[in-house]
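Reader: I am new to this structure, and I would like to learn how its features are read. Could we go through them slowly?

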Amino acid sequence: MFQNSGINKVILLGVIANKPAWRIMEKQKWLCFQLVTDEVFYRQNISQQHAEYHSIRVVESLAGIEIDNLKEGAEVYLEGKVTTQASIDQLGIKRYDTFIVAGRLNIMKLPEKGEMPQHSYRSEFY
């Protein structure tokens, strides 16, 4: 009998930080980009902002739906899972790459023409 020992689910709402690019990995075509989320929190009654950058991979069959609109500055909602891959670099050192594999992707807002990309997700922690 299979016993599930945990849940690997990620939900992100953020802004695409760079131009999405196609890459072929593991014999599949992936759309790769950085998604930035930020939050405002208060420490000793001083407002502070923290941005987090997430490496996102979207398999071609899912990305094809809205690929033309996936641009730098677009606000997107995605659901997926955290994945880590190990590889050996040119010096023989084992490296780990952690990224989010998107299973669902929705464009929430497109940037206006000439608009600079901004981090738009905000939450407040006290």
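Author: Let us start with Glu79, which counts as buried at 16% relative accessibility, where buried means under 20% relative accessible area, exposed over 50%, and partly exposed in between, with a 1.4 Å probe and protein chains only. This is a predicted model, in which local features need pLDDT of at least 70, side-chain atom pairs count only at pLDDT 80 or more, and totals for chains, interfaces and linings use all residues. Residues are numbered from 1 along each chain as its sequence is written, and side-chain values use heavy atoms, with hydrogens and water left out.

Reader: Which side chain meets Glu79 in a salt bridge?

Author: A salt bridge is a side-chain nitrogen of Lys or Arg within 4 Å of a carboxyl oxygen of Asp or Glu. Here the partner of Glu79 is Arg104, at 3.3 Å from N to O. The pair links distant parts of the chain, with Arg104 in strand β6 and Glu79 in strand β5 (residues 75–88), 25 residues apart; strands are DSSP runs of E with at least two residues, numbered from the N terminus. Arg104 is partly exposed, with a relative accessible area of 41%.

Reader: How many salt bridges does a search of the whole structure find?

Author: The search finds 4, and one of them joins Arg57 to Asp97, with the closest N and O atoms 3.0 Å apart.

Reader: Over the face of which ring does Arg57 lie?

Author: A charge sits over a ring if NZ of Lys or CZ of Arg is within 6 Å of the ring centre and within 35 degrees of the ring normal. Arg57 lies over the face of Phe99, at 3.6 Å from the ring centre.

Technical notes: Helices (H or I, at least four residues) and strands (E, at least two) are DSSP runs, numbered from the N terminus.
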